[in-house]
Amino acid sequence: METPVPPLASALGAISDANPEDYREAVLRQVRALTEDNQRLFQSALRSEKRFRMLAKAVWKIQEDERRRLARDLHDDIGQTLTALANQLQRIADDAHAHDNVGLKNRLADALEITRGALRDTRELSRLLRPTLLDDLGLEAALQWLARTLSERSGLAMECSSTLGEQRLSADLETLVFRITQEALTNVIRHSGASEAQVRLMRVGNLLRLQVSDDGQGFDAAELNNPDKAGDSIGVRGMRDRAELFGGRLEIKSALGMGTRVTLVVPVDPEDELQAAKTGG
Ligand SMILES: Nc1ncnc2c1ncn2[C@@H]1O[C@H](COP(=O)(O)OP(=O)(O)O)[C@@H](O)[C@H]1O
Ligand SMILES: [Mg+2]
């Protein structure tokens, strides 16, 4: 149990009649005690913050694991059922063709088309939930796939460049950058009215820098950059909170008519890298 520092006034009051040297000593003792107390409080705040970050990361990891499981179930279970259904329909359609039943053959062709569409959607949904590409091939490949997929879906031109190559980072950091890019690009599609978006990823020393920019209508980002006011903007707040969990920073630059640029700067922890090298991601 730490002894609390007695209030300065009462401690000094007791010796206020003593000689100046004692008085000076007493003040110094008090200042020292207060400084030590402050340091203890500071250390305890640091420990609490570290623990909070660890817990928040753990919650986030559980969410990502759950997504990974859902993505696999979607792909394997529903995906395989739909594949079997499509094959079956194809066989019946072939029979109908052999028996010259044109009406039935056309209806089956429609059913087949719907089934194949559902299969495509299921696979895409599964990959967006958690792309196996991210685990297997790493961040650069996953970002390129994401830009291509969202571009095909939205009709918006998307360009993706990276200086990372096949270099792997820790799985958590790769996931962080992937999710922030996903949210930023989704915002571009939903809100910007842009014709073009760019994703740039570069590593300079131990800093990773991600930029997602668009040439859309832009908006007043002042409120969003104020952490206390970002209130309802769940997407932006989520991006910022996650960036901070990794010791990073997220900044949004935007102005009406001038497009938007989201920048993430996050440190690459050398220990994480070592881990990535051992486990392959
Ligand atoms: N790229 C962008 N272009 C234009 N407006 C944007 C862009 N990104 C974000 N915004 C604005 O910021 C708001 C907050 O974004 P976000 O927190 O992701 O919430 P949501 O997407 O659910 O509306 C959006 O509603 C939109 O008005
Ligand atoms: Mg959003």
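Reader: How many bridges join β3 to β5, and which way do the two run?

Author: Eight bridges join them, and the strands run antiparallel. Keep in mind that this is a predicted model.

Reader: Which residue stands opposite L207?

Author: That is P267, in β5.

Reader: And what about β2 and β3, how many bridges there?

Author: Eight bridges join β2 to β3. This pair is antiparallel. A197 stands opposite D214 of β3.

Reader: What do β2 and β3 form, and how many residues lie between them?

Author: They form a hairpin, with two residues between the strands. G205 sits in the turn and has a positive phi of about 60 degrees.

Reader: Let's zoom out. How many helices and strands does the chain have?

Author: Nine helices and five strands. Along the sequence the pattern reads α-α-α-α-α-β-α-β-β-α-α-β-β-α.

Reader: What share of the chain counts as buried?

Author: Of its 281 residues, 21%.

Reader: What about contacts along the chain, how many join residues at least 24 apart?

Author: 65% of them, taking contacts between residues at least 6 apart in sequence.

Reader: How many residues are in the largest nonpolar core?

Author: It has 36 residues. L143, V177 and I180 have the most contacts inside it. Several elements supply at least two residues each, including α5, β1, β2, β3 and α8. The largest share comes from α6, with eight residues.

Reader: Why would nonpolar residues gather like that?

Author: In soluble globular proteins, nonpolar side chains tend to be buried together.

Reader: What does V177 touch?

Author: Leaving aside neighbours within four places in sequence, V177 is in contact with L139, L208 and L210.

Reader: Back to α6. Why does its span agree with what a helix should give?

Author: Helix α6 covers residues 171-192, so it has 22 residues. At 1.5 Å a residue it should span 32 Å. The end C-alpha atoms are 30 Å apart, which agrees.

Reader: What follows α6?

Author: G193 does, and its phi is positive, near 65 degrees.

Reader: Now the ligand. How many residues surround ligand 1?

Author: 15 residues do. The closest are N187, S192, S233, G235 and V236. α6 and α8 are the elements that give two or more residues to this shell.

Reader: Which element gives the most?

Author: α6, with five residues.

Reader: What classes of residue are in that shell?

Author: Five nonpolar, eight polar and two charged.

Reader: Next, R242. Where is it?

Author: R242 lies in helix α8.

Reader: Is R242 buried or exposed?

Author: It is buried, because 22 other C-beta atoms lie within 10 Å, and 20 or more is the cut-off.

Reader: Which residues does R242 touch?

Author: W60, L176, R179 and I180, not counting residues up to four places away in sequence. Take L176: it is 66 residues away along the chain, yet the two C-alpha atoms are separated by 7.2 Å.

Reader: Which residues of α3 are buried?

Author: L108, T115 and S126 are buried.

Reader: What do they pack against?

Author: The buried residues of α3 pack against α2, which covers 20-98.

Methods
Residues numbered from 1 in each chain as written. Chains lettered and ligands numbered in written order. Predicted model: local features only at pLDDT ≥ 70, side-chain atom pairs only at ≥ 80, totals over all residues. Helix = DSSP H or I, 4+ residues; strand = E, 2+ residues; numbered from the N terminus. Expected span 1.5 Å × (residues − 1). Near = placed C-beta within 6 Å. Nonpolar A, V, L, I, M, F, W, Y, C, P; charged D, E, K, R; others polar. Buried ≥ 20, exposed ≤ 12 C-beta atoms within 10 Å, placed from the backbone. Contact = placed C-beta atoms within 7 Å. Core = buried A, V, L, I, M, F, W, Y, C linked by C-beta atoms within 7 Å. Pairing = 2+ DSSP bridges.
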